[in-house]
Amino acid sequence: MILNEQRAHDIALALMAKNADPKNPIAAYHEYVTLLVPLLKELDRDFPKGIN
C-alpha cells in the first residue's frame, strides 16, 4: 500500500527538483514544503485510507 505521505513526497520532490535552484538549498526546501502541504491535504481528502 502506498501511503499518502509517500505519494505527496514523491510528487513534491519531482516538482521541486524541476524548478529549484541547487545552489540555494534553503529556498529549495521552502519550495518543497510549499508544494507538499497542499498535495498532502488533497490526497488525504481524496484517499483517506491511502492507495492500495
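Colleague: What does the secondary structure of the protein chain come to?

Modeller: Two helices and zero strands. Helices (H or I, at least four residues) and strands (E, at least two) are DSSP runs, numbered from the N terminus. Mind that this is a predicted model: local features need pLDDT of at least 70, side-chain atom pairs count only at pLDDT 80 or more, and totals for chains, interfaces and linings use all residues. Residues are numbered from 1 along each chain as its sequence is written, and side-chain values use heavy atoms, with hydrogens and water left out.

Colleague: What box do the C-alpha atoms fill?

Modeller: Roughly 40 × 15 × 15 Å, taken along the principal axes.

Colleague: And how many residues does H2 have?

Modeller: H2 has 22, residues 25-46. From first C-alpha to last, H2 reaches 31 Å, close to the 32 Å expected at 1.5 Å a residue. The expected span is 1.5 Å times one less than the number of residues.

Colleague: Which residues of H2 are buried?

Modeller: Ala28, Tyr32, Leu36 and Leu43. Buried means under 20% relative accessible area, exposed over 50%, partly exposed in between (1.4 Å probe, protein chains only).

Colleague: What do the buried residues of H2 pack against?

Modeller: Helix H1, residues 4-19. Contact here means heavy atoms within 4.5 Å.

Colleague: Which residues make up the largest nonpolar core?

Modeller: Eight of them: Ala8, Ala12, Met16, Ala20, Ala28, Tyr32, Leu36 and Leu43. H1 and H2 each supply at least two. H2 gives the most, with four. A nonpolar core is a set of buried Ala, Val, Leu, Ile, Met, Phe, Trp, Tyr and Cys residues joined through side-chain atoms within 4.5 Å.

Colleague: Take Ala28. What does Ala28 touch?

Modeller: Met16, Ala20 and Asp21, not counting residues up to four places away in sequence.

Colleague: New topic. How many aromatic pairs does a search of the whole structure find?

Modeller: One. Tyr29 and Tyr32 form a tilted pair, 6.1 Å centre to centre with 35 degrees between the planes. Rings of Phe, Tyr and Trp (its six-membered ring) pair if their centres lie within 6.5 Å; planes under 30 degrees apart count as stacked, over 60 as edge-to-face and the rest as tilted. The two tyrosines are three residues apart in H2, so about one helical turn separates them.

Colleague: Is Tyr29 buried or exposed?

Modeller: Exposed, at 55% relative accessibility. Tyr32 is buried, at 14%.

Colleague: Over to H1. Is Asn4 buried or exposed?

Modeller: Asn4 lies in H1 and counts as buried, at 4% relative accessibility. Leaving out residues up to four places away in sequence, Asn4 touches Leu40, Leu43, Asp44, Phe47, Gly50 and Ile51.

Colleague: Where is Pro48?

Modeller: In the segment after H2. Pro48 is exposed, at 68% relative accessibility. The C-alpha atoms of Pro48 and Ile26 are 31 Å apart, with the two residues 22 apart along the chain.

Colleague: Last one. What share of the 52 residues is buried?

Modeller: Buried residues make up 21%. Among contacts with a separation of 6 or more, residues 24 or more positions apart account for 61%.
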